Amino acid sequence: MELAAAKLKFIEAWGKLGSEWGINRTMAQVHALLLISPEALTTEEIMENLSISRGNANMTLRDLIGWGLIEKQHKAGERKEYFFADKDVWNIARQVAKERKKRELEPVLKILTELSTVEGDEKDPEFKTFKKSVNDINKLANNVDKTLETMLKAEENWFWSSVLKVFK
């Protein structure tokens with residue numbers, strides 16, 4: 001396989017993977033392009049490489065900056081903005097986990113905490129079932145939250161060695 005074909009295949013695959021991570025396909029494809037580019041790219045270069053519109057490129061770049069997956073830089077004497085991605089996959093995984101935690105898990109935890117305070121007749125089967133389900137889900141969500149916090153604070157080698165110990 002030639003490098004050009006391999007790059008396209010990687011960008012397409014990263015786009016599919018991104019949708020599993022909670023990032024839309026185009027966003028993941030722009031991230032993939034920047035991930036495999038040795039130099040920072042301009043909006044125009046990104047548009048050309050991925051055949052996307054300026055509006056789509058600008059919105060996607062803004063979203064990627066918001067997720068903390070890319071950064072913007074300026075070069076002396078140039079008006080164009082350049083974009084680059086951290087190439088460290090551990091940093092990428094932690095950043096995606098951090099954003100998903102903030103956007104998905106934290107709001108659910110807030111609702112579950114509120115729901116766990118519901119009052120009712122402990123003898124009522126409907127109330128008991130509701131209360132047990134909410135409490136069990138709340139417990140699981142809090143354990144996921146603690147695990148994610150550990151991951152976010154951990155160094156890569158420590159984290160994976162800890163995970164592997166669980167499976168031994």
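A residue counts as partly exposed when its relative accessible area lies between the buried limit, under 20%, and the exposed limit, over 50%. Gly120 has a relative accessibility of 45%, so Gly120 is partly exposed. This structure is a predicted model.

**Where Gly120 sits**

Gly120 belongs to a loop. That loop runs between two helices, α5 (89-115) and α6 (125-153). Along the sequence, 35 residues separate Gly120 and Glu155. In space, their C-alpha atoms are 45 Å apart.

Domain 1 brings 10 residues to the contact, while domain 2 brings 6 residues.

**The interface**

| Item | Value |
|---|---|
| Area buried between domain 1 and domain 2 | about 760 Å² |
| Share of that area from carbon and sulfur atoms | 72% |
| Salt bridges between domain 1 and domain 2 | 0 salt bridges |
| Polar contacts between domain 1 and domain 2 | 2 residue pairs |

Which residues of domain 1 supply 67% of the area that domain 1 buries against domain 2? They are Trp21, Trp67 and Leu69.

What classes of residue does domain 1 have on the side that touches domain 2? That side has 5 nonpolar, 4 polar and 1 charged residues.

Notes. Residues are numbered from 1 along each chain as its sequence is written. This is a predicted model: local features need pLDDT of at least 70, side-chain atom pairs count only at pLDDT 80 or more; totals for chains, interfaces and linings use all residues. Side-chain values use heavy atoms; hydrogens and water are left out. Contact means heavy atoms within 4.5 Å. Buried area is the accessible area (1.4 Å probe) that two parts lose on being put together, summed over both. A salt bridge is a side-chain nitrogen of Lys or Arg within 4 Å of a carboxyl oxygen of Asp or Glu. A polar contact is a pair of N or O atoms within 3.5 Å; within protein, one must be able to donate a hydrogen and the other to accept it, and residues adjacent in sequence count only if both atoms are side-chain atoms. Ala, Val, Leu, Ile, Met, Phe, Trp, Tyr, Cys and Pro count as nonpolar, Asp, Glu, Lys and Arg as charged, and the others, Gly among them, as polar. Helices (H or I, at least four residues) and strands (E, at least two) are DSSP runs, numbered from the N terminus. Buried means under 20% relative accessible area, exposed over 50%, partly exposed in between (1.4 Å probe, protein chains only).
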